[in-house]
Protein chains: 8
Amino acid sequence: METERAKAKYDRLNKDEAALLIIDHQSGLFQLVHDHSPVDLEQNVCALADIAKLFKLPTVATTSKEDGPNGPLMPVLRERLPNPKIVRREGEINAWDNAEFVKAVKKTNRKQLIVAGITTDVCVAFVTLSALEAGYKVYVVTDASGSLCIGSTAGALARMVHAGACPMSWFAVASELMRDWREDEPGFKKLMVDHVPNYKHLIDSYKANKED
Amino acid sequence: METERAKAKYDRLNKDEAALLIIDHQSGLFQLVHDHSPVDLEQNVCALADIAKLFKLPTVATTSKEDGPNGPLMPVLRERLPNPKIVRREGEINAWDNAEFVKAVKKTNRKQLIVAGITTDVCVAFVTLSALEAGYKVYVVTDASGSLCIGSTAGALARMVHAGACPMSWFAVASELMRDWREDEPGFKKLMVDHVPNYKHLIDSYKANKED
Amino acid sequence: METERAKAKYDRLNKDEAALLIIDHQSGLFQLVHDHSPVDLEQNVCALADIAKLFKLPTVATTSKEDGPNGPLMPVLRERLPNPKIVRREGEINAWDNAEFVKAVKKTNRKQLIVAGITTDVCVAFVTLSALEAGYKVYVVTDASGSLCIGSTAGALARMVHAGACPMSWFAVASELMRDWREDEPGFKKLMVDHVPNYKHLIDSYKANKED
Amino acid sequence: METERAKAKYDRLNKDEAALLIIDHQSGLFQLVHDHSPVDLEQNVCALADIAKLFKLPTVATTSKEDGPNGPLMPVLRERLPNPKIVRREGEINAWDNAEFVKAVKKTNRKQLIVAGITTDVCVAFVTLSALEAGYKVYVVTDASGSLCIGSTAGALARMVHAGACPMSWFAVASELMRDWREDEPGFKKLMVDHVPNYKHLIDSYKANKED
Amino acid sequence: METERAKAKYDRLNKDEAALLIIDHQSGLFQLVHDHSPVDLEQNVCALADIAKLFKLPTVATTSKEDGPNGPLMPVLRERLPNPKIVRREGEINAWDNAEFVKAVKKTNRKQLIVAGITTDVCVAFVTLSALEAGYKVYVVTDASGSLCIGSTAGALARMVHAGACPMSWFAVASELMRDWREDEPGFKKLMVDHVPNYKHLIDSYKANKED
Amino acid sequence: METERAKAKYDRLNKDEAALLIIDHQSGLFQLVHDHSPVDLEQNVCALADIAKLFKLPTVATTSKEDGPNGPLMPVLRERLPNPKIVRREGEINAWDNAEFVKAVKKTNRKQLIVAGITTDVCVAFVTLSALEAGYKVYVVTDASGSLCIGSTAGALARMVHAGACPMSWFAVASELMRDWREDEPGFKKLMVDHVPNYKHLIDSYKANKED
Amino acid sequence: METERAKAKYDRLNKDEAALLIIDHQSGLFQLVHDHSPVDLEQNVCALADIAKLFKLPTVATTSKEDGPNGPLMPVLRERLPNPKIVRREGEINAWDNAEFVKAVKKTNRKQLIVAGITTDVCVAFVTLSALEAGYKVYVVTDASGSLCIGSTAGALARMVHAGACPMSWFAVASELMRDWREDEPGFKKLMVDHVPNYKHLIDSYKANKED
Amino acid sequence: METERAKAKYDRLNKDEAALLIIDHQSGLFQLVHDHSPVDLEQNVCALADIAKLFKLPTVATTSKEDGPNGPLMPVLRERLPNPKIVRREGEINAWDNAEFVKAVKKTNRKQLIVAGITTDVCVAFVTLSALEAGYKVYVVTDASGSLCIGSTAGALARMVHAGACPMSWFAVASELMRDWREDEPGFKKLMVDHVPNYKHLIDSYKANKED
């Protein structure tokens with residue numbers, strides 16, 4: 001126990017080591033989510049896609065039976081993700097069971113996987129647990145993922161954290177990747193302005209004062 | 001009591017009789033709101049502005065001491081509202097105490113006032129109670145307004161409803177003004193797609209099925 | 001005020017005076033509801049349909065643009081409602097604006113209207129306010145109706161109650177219509193068993209004890 | 001409207017004018033309640049029974065089909081209520097439909113009825129609305145009543161308040177009946193000590209300080 | 001109904017017509033409050049006392065049996081209230097039953113009574129209903145009052161609003177009394193800075209920008 | 001710590017290695033559950049029983065003193081479970097203390113135990129901790145289990161997860177067992193249609209579009 | 001990680017190895033608790049004291065500066081605990097820093113410590129962490145403990161669980177100690193009847209059925 | 001697992017080993033916090049600053065781009081902190097990436113770091129994880145920190161606790177540092193009086209009783 005509290009390695013996200021996995025954010029499955037307000041979930045998913053674009057993260061998106069009720073990849077992702085690899089699964093619930101998906105992940109040549117999807121307790125948890133087993137570091141973006149109810153989310157998080165996954169908000173992902181505002185201040189501010197309304201208003205008040 | 005339950009007149013919103021009043025949606029005051037998530041409030045305020053545009057509602061916006069900490073009119077309103085009359089109050093807390101504001105409202109020549117603002121219990125409630133006293137019908141857009149906490153909102157609503165105001169969501173405002181999809185189906189759908197993510201996904205699934 | 005507290009007429013539901021109006025319970029619109037858990041809403045809608053069947057209430061159902069994303073009438077209603085009149089609206093948001101609907105309501109020859117639908121603040125509220133204006137008694141089944149968020153529901157209820165509508169649960173509707181268990185004890189018990197799990201378990205425990 | 005705000009008569013509870021109606025607090029029906037914690041509901045029902053005893057309120061209790069799953073009158077009521085009239089209904093859901101019950105109420109010769117029961121939206125609401133129609137003043141003890149969910153309670157309260165009923169907590173009932181501590185200080189304090197743990201602790205701290 | 005929605009008189013608070021009634025904010029009774037966090041309630045009570053000072057409102061404070069467990073008037077009130085009349089009740093639960101209290105209220109020569117206290121459903125509600133009956137306008141400061149649980153508060157508010165009382169937050173009280181920032185801008189800002197932390201921070205950011 | 005984050009073995013559920021343990025889902029004990037709505041809990045328990053049927057999981061059900069107030073096994077389980085072994089305990093609270101139960105579990109010859117029951121903090125937690133100690137993998141179905149209040153559930157989950165149990169929703173259990181839709185698409189869809197109303201509606205909308 | 005999921009030792013409570021530690025349940029400190037309703041906390045503390053009596057657990061109670069505002073040991077504990085050792089601390093916040101307390105604990109000669117108190121994040125957490133360090137097994141009764149707000153409780157539990165403590169409800173403590181109803185069925189039932197109202201009602205319904 | 005439950009070292013805070021890190025409590029960033037009420041957060045931050053003063057903790061405060069919208073260090077901190085080292089970061093999001101900050105931390109010569117800031121999931125979590133990696137003990141003051149929403153906070157805490165951080169309330173920090181009231185009773189009481197209103201009222205009641 002003593003050693004557990006000391007010198008825990010901090011595997012922080014690094015834009016050159018990280019890839020983004022988008023798991024089953026589909027227009028039908030979106031309707032199943034009841035642990036976030038729909039407006040919040042949509043906003044958070046958009047933010048995550050904008051992060052991928054800003055940091056040029058290699059991205060693998062996957063969908064489950066998108067010709068049926070599950071529906072196509074969410075439109076905001078289709079519009080924002082820059083040339084993602086899209087793996088259309090015909091049946092595997094755990095995307096890691098799909099060889100093409102695993103191959104696509106490997107091809108990114110990254111060891112840090114940022115994972116989000118629908119639902120948190122199924123598609124996200126299964127990929128996360130498989131990826132951890134395969135030796136990847138996994139960062140679960142909890143606010144850009146959703147499940148049928150809050151209880152399911154809490155249990156799934158406990159399961160994933162116990163296995164070694166890091167739960168993060170999209171805001172923490174962006175900040176950990178950016179590290180320093182001077183790296184790309186306009187880029188980071190734009191993320192905030194587009195997805196954190198209070199921050200947009202802080203800037204607007206600030207500008208107004210400066211203009212006086 | 002018996003008569004109270006019978007034959008209540010339904011004063012429904014009518015695009016030719018209604019005007020929109022935007023009360024103190026300012027970048028500083030926005031920070032005071034804690035009865036909605038910021039993302040939800042921003043979304044709802046945008047939706048209301050888009051309604052004004054879609055139905056060409058005469059709009060009177062007003063701000064309170066915008067050169068100071070209260071800040072300028074919210075940027076999303078500045079961008080979306082088509083040539084609103086803006087009344088900059090230097091001190092009156094109740095906009096109805098400002099002659100220019102009342103004159104601007106009168107000039108719209110409308111008897112139905114759609115009111116939203118920050119905060120619900122102060123700026124919105126005061127204008128609402130004054131306008132009711134002056135003989136207007138008042139429709140308070142509760143989800144595009146905000147206050148310091150949920151308790152304040154509940155009390156303010158009880159006060160306004162008791163005095164004869166109608167509480168409505170922006171979605172109800174849009175629907176009551178539109179009346180019939182055939183009036184402007186693309187316009188109504190765009191409102192929904194832009195501000196109700198689930199509805200956007202319904203359409204997206206629908207289109208995907210049709211395209212197959 | 002003194003008189004207001006005294007001798008309020010109690011217009012209670014009566015199975016020979018009541019009709020049921022089902023407003024836009026459609027498979028697409030169901031996805032918009034976020035003020036109930038989906039499991040609860042489904043259960044409550046089923047219960048209401050079973051009430052209609054049990055009491056042989058004349059029923060008018062209506063849908064809005066069901067060929068599009070709004071989707072068809074909920075399957076559980078199609079299966080349970082005994083030959084309802086179905087009015088398919090091509091555009092009117094307020095069903096009361098549709099002459100065929102109003103005609104169908106009149107044809108029921110009932111003055112008490114039990115109303116439920118999606119969403120509470122739009123389709124339900126508009127029909128309710130129109131029906132009250134037309135002189136009907138209106139009973140809104142709040143737990144078999146749903147809206148985008150809890151705030152919208154609260155405002156819509158305040159608006160409808162102020163205009164004279166009675167908010168009720170499906171359980172209250174069933175009880176007020178039944179009046180006396182001896183009228184149809186198996187029928188009433190079946191409603192409870194099918195839709196109130198605790199009550200089912202009370203009966204099950206009771207039977208087990210009796211069998212010993 | 002102006003007059004509505006002025007000079008509202010305050011019909012306050014009076015121990016010589018009030019009677020208590022206990023509606024279907026039965027061991028089976030208790031299990032249906034999910035808008036209070038069971039511990040809170042039990043505590044509040046006990047408090048109300050102790051009030052009846054303290055003020056010697058004539059009490060009419062009624063049960064619905066108590067030989068079946070609904071179960072017998074709650075044990076804490078059987079123990080505490082001083083010789084209540086108990087009306088065992090064989091079928092009427094609204095106790096006011098039972099002639100013996102109405103007769104028992106009339107026999108109390110009181111015009112103020114304090115009502116509590118299970119469930120708030122059915123047995124309590126129906127008796128309340130009937131009693132108001134019959135010209136009684138009705139005081140609904142909301143925290144000693146319960147329903148299947150919070151939404152049902154909120155709707156039922158709006159319905160009853162609109163018809164002229166007064167919602168009260170048991171603590172308000174006790175206080176309005178007592179009027180003055182000097183009337184019976186030990187009696188009032190005992191109520192508080194037995195049912196409001198914080199108050200018991202205030203007294204305990206007070207005594208400890210005085211004893212030093 | 002039609003007239004009810006039109007021309008409701010707006011009895012707004014006026015610093016020359018209003019008095020403040022402080023009902024049983026005592027150090028012991030404070031412990032009973034569980035519908036606010038203690039930190040919030042303390043803050044709101046302080047704000048209300050500061051309002052009295054700022055507007056020089058005649059103030060009548062009353063306590064109930066303060067030598068016993070109920071405890072003395074809250075220290076923050078003793079420090080802030082400028083020479084209030086304090087009526088120490090030896091037994092009356094409803095302060096309006098105490099002749100000295102009513103006399104003190106009359107002596108203020110004001111017709112608008114701002115009322116706050118502990119608990120909302122007992123001491124506040126009783127005074128409010130009595131004062132309404134006596135022809136006063138009553139404004140209940142809900143966030144500077146508290147009760148044993150949220151359910152009790154909701155019922156008490158419904159009862160008081162039905163009888164004609166206005167529920168308000170302290171922030172609304174301050175704003176309605178002040179009417180115009182130019183009346184006393186430093187005074188109004190100080191209220192906000194001392195009791196609305198976000199507003200303090202808005203000012204701090206604003207000043208910092210101006211100083212640059 | 002470094003190693004803890006890496007290469008965690010993912011012991012995923014496997015239909016040939018898993019058995020289901022149903023612990024004290026009895027009609028009396030069901031009434032004790034207050035951390036789920038009764039409708040949700042009933043739905044989730046049914047879903048879990050249907051999973052057992054679909055995957056032909058060997059099932060051991062157990063009850064505690066079912067001749068008394070605890071009541072018989074829930075009727076929905078009696079109807080759905082295909083010939084489960086039922087162990088009727090006369091006294092042991094922890095089913096693992098009952099030799100017949102342990103023998104029945106061993107006889108399934110499975111090493112993965114899916115556990116659900118009432119209550120989460122007692123009967124479920126005790127069996128889980130005993131089974132973990134005996135070397136089994138344990139998967140606790142949190143949404144098909146219930147306890148007296150949310151606080152008890154949270155503590156029990158922390159205890160079980162710390163000891164190595166996996167918390168899962170029934171939906172995750174079904175998905176992890178199924179692995180691939182192509183395995184049995186009608187079976188998996190039926191589970192969803194019967195127990196996830198939103199999913200049923202997705203399918204219904206989909207079919208309607210296809211039929212056009 | 002692999003081993004962590006396997007064969008976790010289950011240190012279950014044993015009536016011959018367990019002692020109860022009651023930490024600062026004082027009439028003043030009770031007022032600080034805002035993460036439980038006061039009625040629930042009082043009930044749970046009583047239940048825990050009754051457990052100590054039923055199982056004749058050696059009990060060490062301690063208080064902090066009970067002559068001052070913290071107040072005396074809660075009256076329900078003084079009445080129920082059978083001759084507990086009471087250690088009155090004059091200053092040490094962590095009771096483990098008081099030699100007399102540690103000595104009293106050692107003197108119980110038990111290695112399993114059941115701990116409850118006020119507040120969870122201070123007095124309970126400190127004793128728990130000290131006792132774990134000293135090699136005891138510690139079982140924290142979360143529902144018989146309380147803190148200033150829910151956030152503080154959550155953090156304190158995470159800290160204690162991470163260090164190896166077991167969070168339990170009083171119901172789980174009673175059940176784990178009892179192990180088998182046949183050990184003392186009347187004793188166990190009495191605990192339930194006295195502290196779990198639903199269970200009392202189950203029994204009451206059961207008896208009523210049997211008596212018929 | 002067996003050893004994990006035994007003999008966990010309790011690294012308790014020690015006033016001679018601890019330093020305080022204040023991370024980005026800035027007037028602009030304060031507006032982003034929506035997992036606490038603003039009044040609570042302000043109160044908790046003040047309490048933490050008063051702790052630093054009372055215990056003369058070496059304090060390192062840091063700000064992020066304070067000339068822009070993030071704003072200056074919160075005024076209550078500027079006023080209360082006794083000569084803190086302030087490190088103004090021009091760009092690094094993780095303060096630990098700023099050499100001057102790390103140097104300042106080292107210069108305190110303390111191994112226990114008490115950390116609070118805005119936001120919990122970004123600035124606080126990053127510093128915490130870096131400091132743990134560097135071998136420090138880290139104590140995160142959760143109630144004096146804040147984030148955009150409750151979900152982000154929960155995930156961040158899980159991440160930090162998994163890595164070995166201790167979550168604590170400011171009240172626990174004060175108590176663990178003080179250890180014994182006799183060390184500085186006036187100091188400890190003042191902390192409570194100034195920041196825990198209930199405690200202030202306990203003292204006030206106590207004094208009043210003693211004065212009688």
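A salt bridge here is a side-chain nitrogen of Lys or Arg within 4 Å of a carboxyl oxygen of Asp or Glu. The model is predicted, so to speak with care: local features need pLDDT of at least 70, side-chain atom pairs count only at pLDDT 80 or more, and totals for chains, interfaces and linings use all residues. Residues are numbered from 1 along each chain as its sequence is written, chains are lettered from A and ligands numbered from 1 in the order in which they are written, and side-chain values use heavy atoms, with hydrogens and water left out.

**Exercise 1. Describe the interface of chain H and chain A.**

Step 1: get the extent. Chain H puts 42 residues into the contact and chain A puts in 39, where contact means heavy atoms within 4.5 Å. Together they bury about 3400 Å², 60% of it on carbon and sulfur atoms; buried area is the accessible area (1.4 Å probe) that two parts lose on being put together, summed over both.

Step 2: go for the charges. There are 4 salt bridges between chain H and chain A. Arg12(A) makes a salt bridge with Asp97(H), with 2.5 Å between the closest N and O atoms.

Step 3: find the elements. On the side of chain H that touches chain A, helix H5 (120-133) and helix H6 (150-163) of chain H each give two or more residues. H5(H) has the largest share, at 7 residues. Helices (H or I, at least four residues) and strands (E, at least two) are DSSP runs, numbered from the N terminus.

Step 4: sort the residues. This side of chain H splits into 15 nonpolar, 15 polar and 12 charged. Ala, Val, Leu, Ile, Met, Phe, Trp, Tyr, Cys and Pro count as nonpolar, Asp, Glu, Lys and Arg as charged, and the others, Gly among them, as polar.

**Exercise 2. Now do chain H and chain B.**

Step 1: count again. Here 5 residues of chain H meet 5 residues of chain B, and about 420 Å² gets buried, 58% of it on carbon and sulfur atoms.

Step 2: see who supplies the area. Gln31(H), His34(H) and Pro38(H) account for 91% of what chain H buries against chain B, more than any other three residues.

Step 3: look for salt bridges. The rule finds 0 of them between chain H and chain B. The side of chain H that touches chain B has 2 nonpolar, 3 polar and no charged residues.

**Exercise 3. Work out the sheet of chain H.**

Step 1: write down the order. It's an open sheet of 6 strands, S3-S2-S1-S4-S5-S6 (chain H), with parallel pairing; two strands pair if DSSP finds at least two bridges between them.

Step 2: check the edges. Strand S3 (85-89) and strand S6 (166-168) of chain H each have a single partner strand, so one side of each has no neighbour in the sheet. From one strand to the next, the twist averages 25 degrees.

Step 3: zoom in on one pair. Strand S5 (residues 137-141) of chain H runs parallel to S6(H), joined by 3 bridges. Tyr139(H) has Cys166(H) as its bridge partner in S6(H).

Conventions
Axes are lines fitted to C-alpha atoms, for helices over the stretch in contact, and angles run from 0 to 180 degrees between N-to-C directions.
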